[in-house]
Amino acid sequence: MRFAVGLVPLLVGCVNFEDPFDVTLSADGVTLVDAEIERGDFVYQGIETDEFSVEGISRGGGSSANGAKKREAGNAYSAEVDGDTLQIRARSEYNNASVDFDVLGPEVMDVVVEASAGTVLLETVDGYHVVGADSFVGEGLIGSLDLLAATSADVEIYPYVDGVIEIEVTSGPATLALPVGGGYDIEVWGNPEYPISIAELGFYDTYFGEGYFSGQSGDGGVRVVVRVENGEFTLLEAF
């Protein structure tokens, strides 16, 4: 379904064509959001609701209005509920095109997202999350996280008692905020050329090596593994 469209001028000689869309879907019985976006950003914000509000923008850019429209028309996208899953898909035929999604939905929800050419933001959502993205931001997350990001990660998470947090960033910085008092078994594998900064979260045993940190606190029930290949890592206290 397509809605109002618009041409947006950018730099001299470049035009951006935008086609916004929106849909509302029932969240009854849905436990998983599964999103695959070839080019574009994805946002999921958990709120008190029994439905999904999906808004987005399909874009195309070019040196002329016709070129921008052609590239936008090469985008194919959908959002639909299939059983217990909200499926979101977007494909872009042209490099100078993208589709962004902004979803409001229930706070308790597992989220699986692949947006390797975009930014993923998860906010106030409780569940098991698997994310592949160019960059990632997690705010007020609860549960477990398996993350692969290319350029940056900024994560605030309140893990399950037996939760697992795995973060890998291939080229850029990573920040992880955890609450004080948790039972953590943490390993950080970094690049010796970049700093590793660790907040005091109640560790009773720590070890610093060249490009490496390990620490244990409480019963060590929460396993945390961080790999940052080419950037600094910062462990903070979550408030």
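Visitor: First up, where is Glu 72?
Guide: Glu 72 sits in helix H1; helices (H or I, at least four residues) and strands (E, at least two) are DSSP runs, numbered from the N terminus. Bear in mind that this is a predicted model, where local features need pLDDT of at least 70, side-chain atom pairs count only at pLDDT 80 or more, and totals for chains, interfaces and linings use all residues. Residues are numbered from 1 along each chain as its sequence is written, and side-chain values use heavy atoms, with hydrogens and water left out.

Visitor: Is Glu 72 buried or exposed?
Guide: Glu 72 is buried, at 4% relative accessibility. Buried means under 20% relative accessible area, exposed over 50%, and partly exposed in between, with a 1.4 Å probe and protein chains only.

Visitor: And what does its side chain make a polar contact with?
Guide: The side chain of Ser 58, at 2.6 Å. A polar contact is a pair of N or O atoms within 3.5 Å; within protein, one must be able to donate a hydrogen and the other to accept it, and residues adjacent in sequence count only if both atoms are side-chain atoms.

Visitor: Which residues of H1 are buried?
Guide: Gly 67, Ala 68 and Glu 72, in a helix that covers residues 65–73. Down the axis of H1, these buried residues fall within an arc of 135°, so they line one face; the arc is that of the directions from the helix axis to the C-beta atoms. Asn 66, Lys 70 and Ala 73 are exposed on the other side of H1.

Visitor: What do the buried residues of H1 pack against?
Guide: Strands E2 (15–26), E5 (51–62) and E6 (75–82), where contact means heavy atoms within 4.5 Å.

Visitor: Switching to rings: how many aromatic pairs are there?
Guide: A search of the whole structure gives seven. Rings of Phe, Tyr and Trp (its six-membered ring) pair if their centres lie within 6.5 Å; planes under 30 degrees apart count as stacked, over 60 as edge-to-face and the rest as tilted. One of the pairs is Phe 21 with Tyr 77, stacked at 4.4 Å centre to centre with 20° between the planes. Phe 21 is in strand E2 and Tyr 77 in strand E6, so the pair ties together parts 56 residues apart in sequence.

Visitor: Are those two buried or exposed?
Guide: Both Phe 21 and Tyr 77 are buried. Together with Phe 101, Phe 21 and Tyr 77 form one aromatic cluster.
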